[in-house]
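User: Hi, I'm new to this one. Could you walk me through it?
Analyst: Happy to, let's look together.
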Amino acid sequence: MKLLVKTERMSLVILDHSSVDLVLDYVIRNRNFLEPWELERNEAYFTKDYQAEQLEQEAVKIEEGQLLKVWMLFEERIVGSIALSNIVRGAFQSCHLGYRMDGKLLNRGLMTEGLKAIIPYAFDEMKLHRIEANIMPRNAASLKVVEKLGFYEEGLALKYLQIHGVWEDHIHMVLRNTAME
């Protein structure tokens with residue numbers, strides 16, 4: 001476990017396979033809560049072996065500069081994650097933002113707090129120009145989080161991702177690093 005950023009109430013950490021029990025506990029606790037927002041998961045996803053392999057793959061992508069994924073450690077438990085994925089360098093300097101939160105800890109400001117720490121890291125340390133978040137229109141809570149942080153809407157991506165067998169529209173939200181402009 002490597003501390004990336006400390007916030008007022010949490011540690012944002014990069015995990016390796018040795019923390020698989022913490023991750024497995026999180027995914028099992030939040031299985032039903034996250035189901036409407038994520039890809040279909042088979043039973044293997046909820047096993048220690050699968051999660052250990054996921055952590056190994058994340059470590060490789062982090063090492064290669066394609067991903068930054070932090071896990072939110074609150075009161076000695078994983079309560080969510082924040083990922084900057086599909087990092088593209090060169091003229092683009094952009095990434096996709098993904099995040100998920102423990103269903104029992106909603107409306108406490110924890111995700112906003114975590115994102116407030118990751119955004120400056122992405123802009124100042126990683127030198128990214130754009131952070132893009134694609135959010136289903138029916139996910140009002142998630143839209144509220146990014147809007148509070150200054151993301152603006154660039155449009156609607158029709159049938160953008162397949163969630164539980166249904167091609168879902170997503171609102172394309174963006175935050176730019178205006179210090180680079």
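User: Which residue in β2 stands opposite Lys 2?
Analyst: Lys 2 stands opposite Ile 14. Keep in mind that this is a predicted model, where local features need pLDDT of at least 70, side-chain atom pairs count only at pLDDT 80 or more, and totals for chains, interfaces and linings use all residues. Residues are numbered from 1 along each chain as its sequence is written, and side-chain values use heavy atoms, leaving out hydrogens and water.
User: How do β1 and β2 pair?
Analyst: In the antiparallel sense, over 4 bridges. Two strands pair if DSSP finds at least two bridges between them; strands (E, at least two residues) and helices (H or I, at least four) are DSSP runs, numbered from the N terminus.
User: And what order do the strands of the sheet take?
Analyst: The open sheet has 8 strands in the order β1-β2-β3-β4-β5-β6-β8-β7, with mixed pairing. Its edge strands, β1 (2-6) and β7 (152-163), each pair on one side only.
User: Switching to helices: at what angle do α1 and α3 pack?
Analyst: At about 115 degrees, with their axes 9 Å apart. Axes are lines fitted to C-alpha atoms, for helices over the stretch in contact, and angles run from 0 to 180 degrees between N-to-C directions. The two helices are therefore roughly perpendicular to each other (under 35 degrees counts as roughly parallel, over 145 as roughly antiparallel, 65 to 115 as roughly perpendicular and the rest as oblique).
User: Which residues of α1 make the contact?
Analyst: Val 20, Asp 21, Val 23, Leu 24 and Val 27, where contact means heavy atoms within 4.5 Å.
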